[in-house]
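Please look over the sequence and the model first.

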Amino acid sequence: MIQLDTVKAMRAFSRDKASLGFVPTMGFLHEGHLSLVRRAKAENEYTVVSIFVNPAQFNDANDLEKYPTDLERDLVLLEREGVDAVFIPKRDEVYPEGTPTVKIRYDALMGRLCGAFRENHFEGMLLIVHNLFMWVSPTRAYFGLKDYQQFLLVEKMARDLAFPVTVHGCPLVREEDGLALSSRNVRLSTKGRSDALVISRSLFEAKADVERGGVNFALIKKNLHAALNSLRIEYASLYDAQTLEELTLPGKNGVLIAVAAYVEGVRLIDNVLIEPC
Ligand code: AMP
């Protein structure tokens, strides 16, 4: 595995590669990230993983400061997976003049769920993904459905801005007890981790209700809020899986049931997806 620290080295690596799979990350890797890496490896001749904690997508300075890092460990994990190159750009090269004010925006899609609570988060995310796509030139890029709204936005941006890349959404990976894997979980105490389990549990219950034919979405949402009432909830509801509009009835695009809530000051997100029949 080679380590690429500059855009120039990254561009040189990508040149003339018949197929290149790309997994962008912010590091502190876990099995969720590695599931994307394995898929990229299986479907492409070469695989590149980037590690960059992108300040432009953090709306909360405290969250950025506390974001966990362990580059040494990440490199061992990626080497073990047989990744060809890891791209670790420097902040100064990514943002030589500070965070640019240019914005890639989707007003409706960005205003919902996380976008309603994290000002500038998705603009910052799309900007870095746009630039990474320019530098890495991937054939296929892999994103986790854990960040479902992010996946929808990236897929749309790639299409609308004519990137020659296919964006794949990959299943959310959980611990055995249901907790969605996240780099931020390390900030939870044992009690906090156990309190956080109510998120996946209540989502599974809501999903089972919908699958049993429950069409009273207002009641399912009410039960979800009741189950989560010990946490500080940002949002918890049922949404159209394409437009992310809140649903009061089953729609034709499938149903996303999604939650964002704080446990011990750590913001956690989770979701379950019900495909259209
Ligand atoms: P991050 O390092 O948090 O920016 O995540 C990098 C990529 O890994 C994103 O596409 C995430 O959606 C994906 N990812 C993070 N956690 C999980 C998970 N538990 N299951 C699947 N993918 C994940």
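## Basis

The model is predicted, so local features need pLDDT of at least 70 and side-chain atom pairs count only at pLDDT 80 or more, while totals for chains, interfaces and linings use all residues. Residues are numbered from 1 along each chain as its sequence is written, and side-chain values use heavy atoms, with hydrogens and water left out.

## Domains

The protein chain is divided into domain 1 (2–170) and domain 2 (183–270), with bounds from an automatic or database domain assignment. Their C-alpha centres lie 26 Å apart. To the contact (heavy atoms within 4.5 Å), domain 1 gives 20 residues and domain 2 gives 16 residues.

Between them the domains bury about 1700 Å², 61% of it on carbon and sulfur atoms; buried area is the accessible area (1.4 Å probe) that two parts lose on being put together, summed over both. On the domain 1 side, Leu113, Phe117 and Tyr148 lose the most area to domain 2, together 33% of what that side buries.

Helices are DSSP runs (H or I, at least four residues), numbered from the N terminus. Axes are lines fitted to C-alpha atoms over the stretch in contact, and angles run from 0 to 180 degrees between N-to-C directions. Angles under 35 degrees count as roughly parallel, over 145 as roughly antiparallel, 65 to 115 as roughly perpendicular and the rest as oblique.

H8 (residues 121–136) packs on H9 (residues 148–160) at about 50°, with the axes 10 Å apart, and the pair is therefore oblique. The contact involves Phe122, Met125, Leu126, Val129, His130 and Phe133 of H8 and Gln149, Gln150, Leu153, Val154, Met157 and Ala158 of H9. These residues divide into nine nonpolar, three polar and no charged; Ala, Val, Leu, Ile, Met, Phe, Trp, Tyr, Cys and Pro count as nonpolar, Asp, Glu, Lys and Arg as charged, and the others, Gly among them, as polar.

## Helices H2 and H4

H2 (residues 31–43) and H4 (residues 71–81) pack at about 30°, their axes 10 Å apart, and are therefore roughly parallel. Leu34, Val37, Arg38 and Lys41 of H2 make the contact with Leu77, Leu78 and Glu81 of H4. Here the division is four nonpolar, no polar and three charged.

## Helices H10 and H11

The axes of H10 (residues 190–211) and H11 (residues 217–227) come within 9 Å and cross at roughly 165°, which makes H10 roughly antiparallel to H11.

Notes
Helix = DSSP H or I, 4+ residues; strand = E, 2+ residues; numbered from the N terminus.
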